[in-house]
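Open the model in your viewer and keep the selection panel at hand. The stops below say what to select and what is there.

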Amino acid sequence: MDRRTAVRETYDRIASHFASTREYAWPEVETFVEGHEGRLRSGSVGLDLGCGNCRHAELLAGAGLEHVVGLDVSRGLLETGRERALEREFDVSLVQGDAATLPLADGVVDIAVYVATLHHLPTRTARRDSLDELARVLDSDGRALVSAWSTAHDKFDETEGFDTTVEWTLPGGEAVDRFYHIYAPDEFEADLEASDLTVLEWELSSGNCYATVAGSER
Amino acid sequence: MKESLLEILCCPLDKHDLELEDAEYDGDEVVDGVLVCTECGERYPIEDGIPNLLPPDMREESPA
């Protein structure tokens, strides 16, 4: 089985429990969305790339967009997003897709969050492809927030980026391994710089790298 | 999915437009049908209202 398929199957297995522990939007994402509300107009499209249970799609839906797309590789996670949207009465268009081969047309996205997902793509090629894909779908005036887990987190002693698995323990005690590429901060920055995205700002916060980016020049 | 979503979706492989076939509706929601690439002809199912636009090599059915 190919490793990208393995990541999908892992999240299908743990979807319900995982989603139940992902209640709140991250403050860094709230700040990003609030800071860009002025750019949004009626007809704008938002994208939550690697949406999981749609906690960040919910933030975008509150910003008055025409469409909010929640895209994830895992059908199980998309179902948790559907439940959340029903319970909390927000609109999200759910799409099953791969972050490295996006099923979205060029330049249609005005605002995107790509949070805690990039590090699950199992090869550097796939990670770089996904950054180029994000650049492709962003409007020329669009903005995105990209985050990934990094070696700066207290959990890690390493200073170079590395591949690992992190266990997810289900309520019955069963542990399920999840693939991660833990980025070194300078490696994260280098991958962004090498991509078609334009880096506007970047920071380390709570052991994660965050970059605010614009799409490619067209 | 809403049919208006077709304006922004595309084939993940070649990025060409998709056409909706065999659609079944519940109000303005498309709950079943197939999205077909106008260029390469690849077919993507809409499963219980959610389009499955994974590239075909990642799409095989996972155990329920």
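A salt bridge here is a side-chain nitrogen of Lys or Arg within 4 Å of a carboxyl oxygen of Asp or Glu. Keep in mind throughout that this is a predicted model.

**Stop 1: between the chains**

Select Glu47(B) and Arg75(A). They form a salt bridge, and their closest N and O atoms are 3.9 Å apart. How many salt bridges are there between chain A and chain B? The count is three.

Now show the whole contact, to which chain A gives 27 residues and chain B gives 21 residues. The two chains bury about 2,100 Å² between them, with 58% of it on carbon and sulfur atoms. On the chain A side, colour Arg75(A), Gln96(A) and Pro103(A): these lose the most area to chain B, together 24% of what that side buries.

**Stop 2: two helices of chain A**

Arg75(A) also belongs to the next stop, as part of the contact between α4(A) and α1(A). Select residues 3–20 of chain A for helix α1 and residues 75–88 of chain A for helix α4. Their axes are 7 Å apart and meet at an angle of about 25°. Angles under 35 degrees count as roughly parallel, so α1(A) and α4(A) are roughly parallel to each other.

From α1(A), the contact uses Tyr11(A), Asp12(A), Ala15(A), Ser16(A), Phe18(A) and Ala19(A); from α4(A), it uses Arg75(A), Gly76(A), Leu77(A) and Thr80(A). By class, these are five nonpolar, three polar and two charged residues.

**Stop 3: an annotated span**

Select residues 47–145 of chain A, which an unreviewed UniProt entry annotates as "domain: Methyltransferase type". The span is 35% helix and 27% strand, and its end C-alpha atoms lie 11 Å apart.

**Stop 4: a pair within one helix**

Finish with helix α5 of chain A, residues 124–137. Select Arg136(A) and Glu133(A), whose side chains meet in a salt bridge at 2.6 Å, N to O. The two are about one helical turn apart because they lie three residues apart in this helix. Over all chains, the count comes to 16 salt bridges.

Technical notes:
Residues are numbered from 1 along each chain as its sequence is written. Chains are lettered from A and ligands numbered from 1 in the order in which they are written. This is a predicted model: local features need pLDDT of at least 70, side-chain atom pairs count only at pLDDT 80 or more; totals for chains, interfaces and linings use all residues. Side-chain values use heavy atoms; hydrogens and water are left out. Axes are lines fitted to C-alpha atoms, for helices over the stretch in contact, and angles run from 0 to 180 degrees between N-to-C directions. Helices (H or I, at least four residues) and strands (E, at least two) are DSSP runs, numbered from the N terminus. Angles under 35 degrees count as roughly parallel, over 145 as roughly antiparallel, 65 to 115 as roughly perpendicular and the rest as oblique. Contact means heavy atoms within 4.5 Å. Ala, Val, Leu, Ile, Met, Phe, Trp, Tyr, Cys and Pro count as nonpolar, Asp, Glu, Lys and Arg as charged, and the others, Gly among them, as polar. UniProt positions are given in the numbering used here, feature names are shortened, and annotations may be inferred rather than shown by experiment. Buried area is the accessible area (1.4 Å probe) that two parts lose on being put together, summed over both.
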